[in-house]
Amino acid sequence: MADPVSWLLVERGWAVVGQDGKEIGRVEQVLGDEEKDIFDGLAVGTGLLGKPRYVPAERVSSIVEGRITVDLAKRDVAQLETI
């Protein structure tokens, strides 16, 4: 298993996977205040035509190099706020 990394290292294009291990989408943007080290959440692209969905930081279960796991299932993403 990969070692956890800081939210400050997350880059656009990293995979976002649900609690079942299935990919939900890809990171479009990391939201937070780097100076104060406050992680607010992620803008996650879920398809070519849809607007990114906001995933709050409290839904993030783990961050490892290239992959973020959230406590959501793919079906839950449609209920998230668009950004």
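Q: Let us begin with V17. Which residue stands opposite V17 in strand 2?
A: This is a predicted model. In it, V17 stands opposite E23, which belongs to strand 2.

Q: How many bridges join strand 1 to strand 2, and in which sense do the strands run?
A: Three bridges join them, and the two strands run antiparallel. Strand 2 covers residues 23-33.

Q: What lies between strand 1 and strand 2 in the hairpin they form?
A: Five residues lie between the two strands of that hairpin. One of the residues in the turn, G21, has a positive phi of about 85°.

Q: And strand 2 with strand 3: how many bridges are there?
A: Strand 2 and strand 3 pair over seven bridges, in the antiparallel sense. For example, L31 has G41 in strand 3 as its bridge partner. These two strands also form a hairpin, with four residues between them. In its turn, D37 has a positive phi of about 55°.

Q: Now the whole sheet. What is the order of the strands?
A: The sheet is open, and its six strands have the order 4-3-2-1-6-5. The pairing is mixed. From one strand to the next, the twist averages 35°.

Q: Which strands stand at the edges?
A: Strand 4 (53-56) and strand 5 (60-64) do. Each has a single partner strand, so one side of each is left without a neighbour in the sheet.

Q: What joins strand 5 to strand 6?
A: Four bridges join them, and the strands run antiparallel. Strand 6 comprises residues 67-70. Within this pairing, V60 has V70 in strand 6 as its bridge partner.

Q: Where do side chains point in a strand, as a rule?
A: In a regular strand, side chains alternate between the two faces of the sheet.

Q: A change of topic: how many aromatic pairs does a search of the whole structure find?
A: The search finds one aromatic pair. Its members are W7 and F39, whose ring centres are 5.3 Å apart and whose planes meet at 20°, so the pair is stacked.

Q: Where do W7 and F39 lie along the chain?
A: W7 is in the segment before strand 1 (15-17), whereas F39 is in strand 3 (residues 38-45). The pair therefore ties together parts that are 32 residues apart in sequence.

Q: Are W7 and F39 buried or exposed?
A: W7 is buried, and F39 is buried as well.

Q: What about G47? Where is its place?
A: G47 is found in the loop between strand 3 and strand 4. Its relative accessible area is 44%, so G47 is partly exposed. The C-alpha atoms of G47 and I24 are separated by 9.3 Å, and these residues are 23 apart along the chain.

Q: Finally, the overall picture. How many helices and strands are there?
A: The protein has zero helices and six strands. Along the sequence, the pattern reads β-β-β-β-β-β. The radius of gyration is 12 Å, close to the 12 Å that the globule rule gives for 83 residues, so the protein is as compact as a globular protein of that length.

Q: What share of the residues counts as buried?
A: Of the 83 residues, 37% count as buried. The protein exposes about 5,400 Å², and carbon and sulfur atoms supply 47% of that area.

Key: Residues numbered from 1 in each chain as written. Predicted model: local features only at pLDDT ≥ 70, side-chain atom pairs only at ≥ 80, totals over all residues. Heavy atoms only, no water. Phe/Tyr/Trp six-rings, centres within 6.5 Å; stacked < 30°, edge-to-face > 60°. Buried < 20%, exposed > 50% of the residue type's maximum accessible area, 1.4 Å probe, protein only. Pairing = 2+ DSSP bridges. Axes fitted to C-alpha atoms, helices over the stretch in contact; angles between N-to-C directions. Rg over C-alpha atoms; globule rule 2.2 N^0.38 Å. Areas by Shrake-Rupley, 256 points an atom, 1.4 Å probe, with all protein chains shown as cover.
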